[in-house]
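This briefing collects computed structural features for the model shown below. The points are grouped by topic for quick reference.

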Amino acid sequence: MEKTKACPCCGMNVTIEAEKCTLCGEPLIVPEPQKTAKWLRWACFIAMPLEMIASAQIALNGENRYGRGGYLISQVIQWVPYVAVSLLLGVLWIAILFGLRSYCQRCKISPKLPFIALICVDIVAIPMQVVTELIPETNAFVSLFLLLLILLMSVYFILQILIGLQLRQVAQTRWVGILFVVAALTPFVARILELAIVGTSTEMMISDAIDCVVNVSLLYAIYRTFAR
């Protein structure tokens, strides 16, 4: 049986000696930017536990909700400032999105994907989120900042859906695309369902946990993409 290899862009199986994919025409002998891919994999690897920490900080908030064990865990988690976690996580996501954009360009996957717009929204939203955490809730500007942040995040989710729908059409990024769409819809759908089923008694902790699982899954899918 003739040995074959998969094209890194379209997934087509070609002969091991092939220098160009017969389906998409992508050169197969171009050396991969291993150093960049390595750093991007590390960015995904670091972002995954940070997503869990950020979610736990919101859920536990230093309170004794789950007995002695929950209280001890919350004290350890709260030792890391939420603002620092948010900033680092935001920077890592920006780096990951830049890396994913480069990967798509290299593999000629939907060149019109609005990655730059998504990154720009992220760059604006991150400091705004930090400001809303730092200024007192009684400040008159808090409501304005929150309104602008909600509008920005709405644009962000729309861009996520547009990117995800196009990425899912390519074999190599299908799962990344699906999870992009799921990650954009989850904050709305999960909260509506939680309010309808259990009301406000859970303080949106179930929705936050689902958000965390989806975001970690997305990061893992991107990690696997960079590992190819």
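**Briefing on the predicted model**

Leaving aside residues up to four places away in sequence, Leu167 is in contact with Leu100, Cys104, Ile109, Leu113, Phe115, Thr173, Arg174, Val176, Gly177 and Phe180. The model described here is predicted.

**Nonpolar core**

- The largest nonpolar core comprises 48 residues, and Leu167, Phe180 and Ile222 have the most contacts inside it.
- At least two residues of this core come from each of H1, helix H3 (82-106), helix H4 (115-134), helix H5 (141-167), helix H6 (174-198) and helix H7 (205-227).
- The greatest contribution to this core is that of H3, with 10 residues.
- As a general point, nonpolar side chains in soluble globular proteins tend to be buried together.
- Of the residues with the most contacts inside the core, Leu167 and Phe180 also touch each other.

**Helix H3**

- H3 has 25 residues, which at 1.5 Å a residue should span 36 Å; the end C-alpha atoms of H3 are 36 Å apart, in agreement with that expectation.

- Two salt bridges are found in a search of the whole structure.
- One of them joins the side chains of Arg191 and Asp208, with an N to O distance of 2.7 Å.
- Because Arg191 belongs to helix H6 and Asp208 to helix H7, this pair ties together parts that are 17 residues apart in sequence.
- Arg191 also forms a salt bridge with Asp211, in which the closest N and O atoms are 2.9 Å apart.
- Asp211 lies in helix H7 and Arg191 in helix H6, so this pair links parts that are 20 residues apart in sequence.
- Through shared partners, the salt bridges join Arg191, Asp208 and Asp211 into one network.
- In general terms, side chains of opposite charge can pair when their charged atoms come close.

- Ser55 is located in helix H1 (residues 34-60).
- With a relative accessibility of 13%, Ser55 counts as buried.
- Not counting residues up to four places away in sequence, the contacts of Ser55 are Asp208, Ala209 and Cys212; Asp208 is also a salt-bridge partner of Arg191.
- Ile192 is part of helix H6.
- The relative accessible area of Ile192 is 58%, so this residue is exposed; the cut-off for exposed is over 50%.
- Ile192 and Ser207 are 15 residues apart along the chain, and their C-alpha atoms are separated by 9.1 Å.

**Cysteines**

- The number of disulfides in the model is zero, taking a pair of cysteine sulfur atoms within 2.5 Å as the criterion.
- Cys44 is buried, having a relative accessible area of 0%.
- Cys120, by contrast, counts as partly exposed at 42% relative accessibility.
- Cys104 is among the residues that Leu167 touches, and Cys212 is one of those that Ser55 touches.

Methods
Residues numbered from 1 in each chain as written. Predicted model: local features only at pLDDT ≥ 70, side-chain atom pairs only at ≥ 80, totals over all residues. Heavy atoms only, no water. Helix = DSSP H or I, 4+ residues; strand = E, 2+ residues; numbered from the N terminus. Buried < 20%, exposed > 50% of the residue type's maximum accessible area, 1.4 Å probe, protein only. Contact = heavy atoms within 4.5 Å. Core = buried A, V, L, I, M, F, W, Y, C linked by side-chain atoms within 4.5 Å. Expected span 1.5 Å × (residues − 1). Salt bridge = Lys/Arg side-chain N within 4 Å of Asp/Glu carboxyl O.
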